[in-house]
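Good morning, and thank you for coming.

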Amino acid sequence: MKPVRVIKPAVGTRRLDDPRTARVLVDGDGTPTDVDGQPVAHVRESWLIEDRWWTDQPLHRRYWELVSQSGRDIVVFRDLLGGSWFRHR
Amino acid sequence: MTGKHGQPPMTRAVTGYVELHCHSAYSFLDGASMPDELVGAAAELGHETLALTDHDGVWGSMEFAHAARGLGLRPIHGAELTLDDDRHVTLLVASAAGWTNLCRLLTIAHAHTRDSPATLAPPKAGVQALRDHAEGLVCLTGCAERGVHDEPSVRRLLDAFGPDRLRVELQRPFLASDRARNRSLESLAGHLGLRCVATGNIHAHARSRAHLQDAFVALRHNLTLESSEPLRRPNGAHVLSSPAAMAARFREHPAAVAETAAVAAQLDFDLTSDLGYRYPGVEDETADRRLGELCRARLHDRYEAGGLAAAGARLDEELRVIRALGLPGFFLLHHDMLELAREVALDVRGPDTARALLPPGRGRGSSVSSIVCYLTGLSHIDPISSGLSMGRFLNPELSSVPDIDLDFPRDIREVLIRRVHERYGHDRAALVATFPSFRSRAAIRELGKVLGLPPAEIERVARGANGFSRRIDRDVETALGPNHGRSGRWAWLESLSREAYGLPRHVSQHPGGMVIATRPLIDCVPIVPAAMEGRQLVQWDKDSCADAGFLKIDLLGLGMLSAVERCVETIAQTRGERVDLSRIPFDDKATYTAIQNAETTGVFQIESRAQMQSLRRTRPANLDELTVQVAIIRPGPIQGGAVNPYIERRRRLRDDPDYKPPCLHPSLESVLRETLGTIIFQDQVMEVAQAFCGFSPGEADGLRRAMSRKRSDAAIARYRDRFIAGAADHVGAPQALAQTVWEMVAGFAGFGFPKAHSAAFGLLAYQSTWLRVHYGPEFLCALLNEQPMGFYPPDSLVHEAQRRGIDLLAVDINASAAECSVDATGGVRIGLGYVSGVRSEEIAALIEARDQTGAFKNLAELAGCASACQPSLEQLAWSGACDALAGDRRRALWELGIAAPGRRVPGGVQLALGLETGDAPALRELGRWEVLLADYATTGVSVGDHAMAILRPHLHGITTSLELDRLPHGSTVAVAGIVVARQRPETASGVVFMLIEDELGTVNLIVPPPVYDRHRHIVRAEPLVLVHGRLERPAHGGGTVNVLVSTLRSLEPEHLERFGSAGARLPDNRQAETHAGEHHPEPERIAAAGGLRAVAPPVQSFGSGRRR
């Protein structure tokens, strides 16, 4: 019998723009005030995505586009099904 | 601008957030909630006002207005109009003039949607039209995605509407572009001096419908959910929210939130009172006098001296009520319509035909009870001699215009509808709309596709589904196995189908309801072109039209009237007799014998399986009893528990003429005497309410109307308390008795006939039976030529006719006409038009060629005349039409293959050479089964062998339909046959009734729910079944025999060997050859031919009409 060949993903590769977990502090309305230790200076926009509800991987996210006090543009979302925060950029 | 009561509309107090942009399911395949659901949710969420703004229509506005009024919510009417460049504006009605302008705008938008008959173009209106019809409307600049957002366009709107009636519309659908867009719009508004207003662009009343809205978008674009992602709404922000939540959503735009209330205060239009519709003739002061003169002039013609006084008194009373209600013009209009119909009938029938003796049409429905209708020709039933009271049709408290329904033969109706449009003008006459809604089968097919489920599995589930059941999960499990429907996409299918159930799918036209107006109808309701050329629809269904007080005339096509006319004409041609159906004997013994023996296949109304069973027990012996008979098999009497008591009392009365049927209360005796103490007719509901509870005629009519409308449970319940209290006050009835009578009345809430309608239909039932009895071949021929109509498909009609000795002749290229015909010997010849796949022009050309050159002598001559294409000729050959030229079907096909017809080629027709085809090689003859399949595949009718006659030698232990009559009650039997009808009435608690046919007659099967659940796919789809069960012959059933089914199997010749246990067997080839030379079915040959399932004749199937 031939040995089974296992294809392993190359170490260190990941999909571009894959969301990463983030540590987000929010105010009483649920608006982010701090992302990964960077205080939020301004909320540029917030939007909702609810899709793929008919599949095994439904998607329900609240996105926030923020400007940090250092002037950096940050996009985070809260997974409304699991409750965790993720960062897109 | 001032309000309708002369007050400034700005005085209306409105505070908080008002939803001004909301779609219902009448934004077809976009909105996902009915108007009443939106109203209910809005009231619950704390809204006091709500606007309905469906896409390019006001289809649901009347329903919305009434639902809102019921819950104390203030309705605002409007629409989201699509402009020429596909952008949207939201229009809201501020006044009656605004409603008129909205209707005209929507009519303009739809004017060119049917320019190409094959496709439905989207409605669109130009900005110029908007400018021309801006008065009385408030315009918002439209939705976030497709609104008018550029300065030049908004300026054009500003020119049209002015700053007071134009707002810049801000929406917050939680897109990534919201903030930028709204800031830009706010800036534009500031620049132009306009105010902004916030709206929610609502598409669903609850979260549970948000997913359905996604599915609708995918369905509308014919895509799956996956592939429609760019077109769908990204989230559920389009679900109705509370005013507080909406104010919070727009917290950055508080002025726009406040402006919603300001706009709402500006709108002052009530659709339920401000429509301004008047029906034709109402303004004519001479109408009363003219109607009286018309009726009195005819009174002496219609009544003998003895009956004149009673008729005159009744006429005076009706004329007085008509005058008091302001309806003389209405009756004159109908008379005018009938005169128009008379002209049309003369044109359609020709002056010298036998059918010219017949009236152009006849009344149905409650109008038949009116002596005015009788005298003006609208009804053919004498209400005096038939004992018809006018209360259901006319009473002094009438709350809306009575309906007049007229039946016409199909050909006359087609022309008449066109002429009515011409006579009254295209802006004043239109057909009523209907909205076909999602039922389980359509939902499974369409939503299953959207979910990307496997097509074959979807079809399997859909075919086995019960049309009116919402238990899709059961349908899935029955079709695909247990647990299949409980998870994943199948579970979503169940959930989406349940939510979609009953929502309108698209627009269609009512079978014949027309609305006619004096002022242009487009001032009251938008008119849109119908799919059929030359016809147009109002944007409301019959309930909305009734709520609007529109005069509606039903011009209905009745297949039996067409058949009767054809029959009369055929009798004149074949026998030289002119039959006047109004002068035939109405006490003909042979006719009543046929009715009492249920020999009524093909006749009007009393031919169905259920009617036949009932006829043997009720044994009608005159027109009055036939009138009851027509009304009895209806949901109303069945649910009201009237049927069995009536039949039993009728039997006892037959046995003992002194028998007194029981009656629940003396006050009901006169009301229910004729129907032996039961409620059979719709008018009796009213009469009981008046006699027992002291209801006024108007109140009683209100109860009747509540019963006849859809979604009426709540309305009926409201009448219950008044009924019980009234019974106590009026006749001193104790509550328990009042409750019993109420249950009889409330049970009737399903559909039932008014007595007048039954009298009209009973007469036609008698006339058609009389024709069947005395002119059998001509009547059968007429039925075959008027298909589709009636309960039985042509194949069953043919077999039944053969059983009673009518000679049926196969289709023949030299002997058949285009339609079926009666030949000199009294045989009925199947027409060439029955061969499917051959175009009518080809048939006409073949007949013309035959008439010119004489009968075709051989196939080369037939093929050479180039009148039909090769596939059509092959189809004719396969149908057996060329057997006389070639010997049999295979040889005919072979010869046609050699003798190619003239072919159309670029540049002209390549004529065929009239060469001899030569001798065909030795071709195996077709077996009897193969001939049967060929018959069904081509004409759908088998005039030769019955399928069961072929199979019978191989089926042992199977009882024939004839033998069943001799077996005792309770016998265990096995029967087999071809399925003729399958029915699962809502009133039968899940029991399925099937009618199967063998070569000797028919057998009624009763399939109990557990057996149905076990064999659902066989019951629903198999054309040939083998059944085991118990014979039931009810006492006093008049000889009715049923088989209560315990097991059910499909029966195909290739399966025969498997039925060894049932006693059936397929002989081996040697046996077959020695069986009197017969050709027995061979499984391989039959499989190669596709089996019966592929070509089975259509049957009456589960209320969905005929289908294979």
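How many residues does the contact take from chain A, and how many from chain B? It takes eight residues from chain A and 15 residues from chain B, where two residues are in contact if their C-beta atoms, placed from the backbone, lie within 7 Å. On the side of chain A that touches chain B, five residues are nonpolar, none is polar and three are charged. In this classification Ala, Val, Leu, Ile, Met, Phe, Trp, Tyr, Cys and Pro are nonpolar, Asp, Glu, Lys and Arg are charged, and the others, Gly among them, are polar.

A word on conventions. This is a predicted model, in which local features need pLDDT of at least 70 and side-chain atom pairs count only at pLDDT 80 or more, while totals for chains, interfaces and linings use all residues. Residues are numbered from 1 along each chain as its sequence is written, and chains are lettered from A and ligands numbered from 1 in the order in which they are written.

Let me begin with chain A. Chain A has zero helices and seven strands; helices (H or I, at least four residues) and strands (E, at least two) are DSSP runs, numbered from the N terminus. The seven strands form an open sheet in the order β1-β7-β6-β5-β4-β3-β2, with antiparallel pairing. Two strands pair if DSSP finds at least two bridges between them. At the edges stand β1 (20-21) and β2 (24-26) of chain A, each of which pairs on one side only. β2(A) is joined to β3 (residues 32-35) of chain A by three bridges in the antiparallel sense, and V24(A) has V35(A) in β3(A) as its bridge partner.

How much of chain A is buried? Of its 89 residues, 16% count as buried. A residue is buried if 20 or more other C-beta atoms lie within 10 Å of its own, exposed if 12 or fewer, and partly exposed in between, with C-beta atoms placed from the backbone.

I turn now to the nonpolar cores. Such a core is a set of buried Ala, Val, Leu, Ile, Met, Phe, Trp, Tyr and Cys residues joined through C-beta atoms within 7 Å. The largest has 330 residues, and those with the most contacts inside it are L92(B), V515(B) and V538(B). Helix α31(B) gives the most to this core, with eleven residues. Apart from it lies another core, of nine residues, which include V24(A), V40(A), L66(A) and F77(A).

Leaving aside residues up to four places away in sequence, V538(B) touches A430(B), V432(B), A433(B), V515(B), L521(B), V525(B), I527(B) and C545(B). A430(B) has V515(B) in β10(B) as its bridge partner. The strands concerned, β9 (residues 429-434) and β10 (residues 508-516) of chain B, pair in the antiparallel sense over five bridges. β10(B) also pairs in the antiparallel sense with β13 (residues 552-557) of chain B, over three bridges, and there G513(B) stands opposite D554(B).

Next, helix α31(B). At what angle do the axes of α23 (residues 623-632) and α31 (residues 755-774) of chain B cross? They come within 8 Å and cross at roughly 110 degrees. The axes are lines fitted to C-alpha atoms, for helices over the stretch in contact, and angles run from 0 to 180 degrees between N-to-C directions. The two helices are therefore roughly perpendicular to each other, a term for angles of 65 to 115 degrees, where those under 35 count as roughly parallel, those over 145 as roughly antiparallel and the rest as oblique. Among the residues that meet are L626(B) and V630(B) in α23(B), and F761(B) and Y766(B) in α31(B).

I close with some backbone details in chain B. A cis peptide bond, with omega about 0 degrees, joins Q787(B) and P788(B); P788(B) is found in the loop between α32 (776-785) and α33 (794-803). D56(B), which is not glycine, has a positive phi, near 50 degrees, and its place is in the loop between β1 (49-55) and α2 (61-70) of chain B. Is D56(B) buried or exposed? D56(B) counts as buried because it has 24 C-beta neighbours inside 10 Å.
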